[in-house]
Amino acid sequence: MIQKVMQHYFSKPITRQEILRDKDRLVAEVEVEGETYFLKGEKQPAAFIESIIEFTVIMNDAGLPFIMPEKTIDGNGYVKHEGLLFILEQKGKGEEIKKLHLSHIKEIGKMLGKQHAVSSKTDFRFHTGTSWGMFGGNQTDAFGEYDENELSYLDLIKTVAEDKNYAVELAMIKELYQSRRTQLQKEWDSLPSGPVQGDLCPYNLLFQQDKISAVFDYNIAGDEVLLNECIGVAVFLAWHYDFEGKETSEERYEAYIDAYETERPLSDREKEMIPHLFAIIRAFRYDRIEEGIEKIKQCDGKAFLDETIKLLT
């Protein structure tokens, strides 16, 4: 399959290929004439792939290092083969960062701010949501309807409700969470939104001398409330990603937000929403909840629930 798809891009043969992923989507690293590329195939509507191409053009025109899909020999942006749509991305220059320093966190904050500044001014839209989305209703797992934050909350509530020893904590978490969500929902549609790459995290970035040299991977790109992605990435980097340095998680978070605002200052309304958004994202990030549920099942959940209440307060 890979050889046949690559024939649409090059007349020269592949000199090396390695399948990196073959579940849900196909990702292969291939080499042609000494250059490395990533071939990515998935079941997506052609309109979405065309939107990705347009999005990368917009970001490149703004001077941002978003890797653009390669053109085929015939000038097309993608290849359809055996029910999958394939795009080809040339490997960028730089190195992936496995362990963050504060300088990396600041650089990611600046890059997301730059992207959001462009996103807030363009009329282009994907017309689909991202995995960060909220208030979609969870009727399906499609981006735009999928709300991971709410699902994490419901999973925790279900687990806590099965243990009568935590009745007080359960009532407090319900009240605090719903209060925060209600305040957010009132303002959600009025907050700035736009098209985003959707996963501006270290595993989708390359660095050269602490500066981002390449942004890649657009399979979960979509339209998003900009503040939602901003705070979601900030929490992930500050509390959930390997870090090397003396700064606390709180200091990393503040450094990230400060860097973001050098490129896109937040509005007064956005700043008013930050406490609500931070509280529910920090408290109900899925991996934190998964760990907490395990503790509760082992009858060791009191400290976790107390921390959750503190985060929501």
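How does the radius of gyration of the protein chain, with 313 residues, stand against that of a compact globule? The chain has 21 Å, in agreement with the value near 20 Å that a compact globule would have, where the radius is taken over C-alpha atoms and the globule rule is 2.2 Å times the number of residues to the power 0.38. This is a predicted model, in which local features need pLDDT of at least 70 and side-chain atom pairs count only at pLDDT 80 or more, while totals for chains, interfaces and linings use all residues. Residues are numbered from 1 along each chain as its sequence is written, and side-chain values use heavy atoms, with hydrogens and water left out.

**Overall architecture**
- The C-alpha atoms fill a box of roughly 70 × 40 × 40 Å along the principal axes, and the secondary structure comes to 10 helices and 9 strands (DSSP runs of H or I with at least four residues, and of E with at least two, numbered from the N terminus).
- Buried residues make up 52% of the 313 residues, where buried means under 20% relative accessible area, exposed over 50% and partly exposed in between, with a 1.4 Å probe and protein chains only.

**Negative surface patch**
- Asp155, Glu290, Glu291 and Glu294 gather in a surface patch of negative charge (residues with over 30% relative accessible area and no salt bridge, like charges being joined within 9 Å).
- Helix α9 (residues 286-297) gives the most to this patch, with 3 residues; Glu291 is found in that helix and is exposed, with a relative accessible area of 54%.

**Salt bridges**
- The whole structure holds 18 salt bridges, each a side-chain nitrogen of Lys or Arg within 4 Å of a carboxyl oxygen of Asp or Glu.
- Arg285 and Asp287 meet at 2.9 Å, N to O, and both are buried, Arg285 at 14% and Asp287 at 18%.
- Glu96 and Lys98 meet at 3.3 Å, N to O, with Glu96 partly exposed at 34% and Lys98 exposed at 59%.
- Asp306 and Lys302 pair with their closest N and O atoms 2.8 Å apart, and because they lie 4 residues apart in helix α10 (residues 302-312), about one helical turn separates them.
- Salt bridges that share partners join Arg25, Lys40, Glu42, Glu89 and Asp217 into one network.

- Asp217, in the loop between β8 (211-215) and β9 (222-225), has a positive phi near 75 degrees and is buried at 14% relative accessibility.
- Glu82, in the loop between β4 (79-81) and β5 (84-90), has a positive phi of about 50 degrees, whereas its relative accessible area of 60% makes Glu82 exposed.

Technical notes:
Patch = residues over 30% accessible without salt bridge, like charges linked within 9 Å, V, L, I, M, F, W, Y side chains within 5 Å. Areas by Shrake-Rupley, 256 points an atom, 1.4 Å probe, with all protein chains shown as cover. Lys, Arg positive; Asp, Glu negative; His and termini not counted. Charge placed at Lys NZ, Arg CZ, Asp CG, Glu CD.
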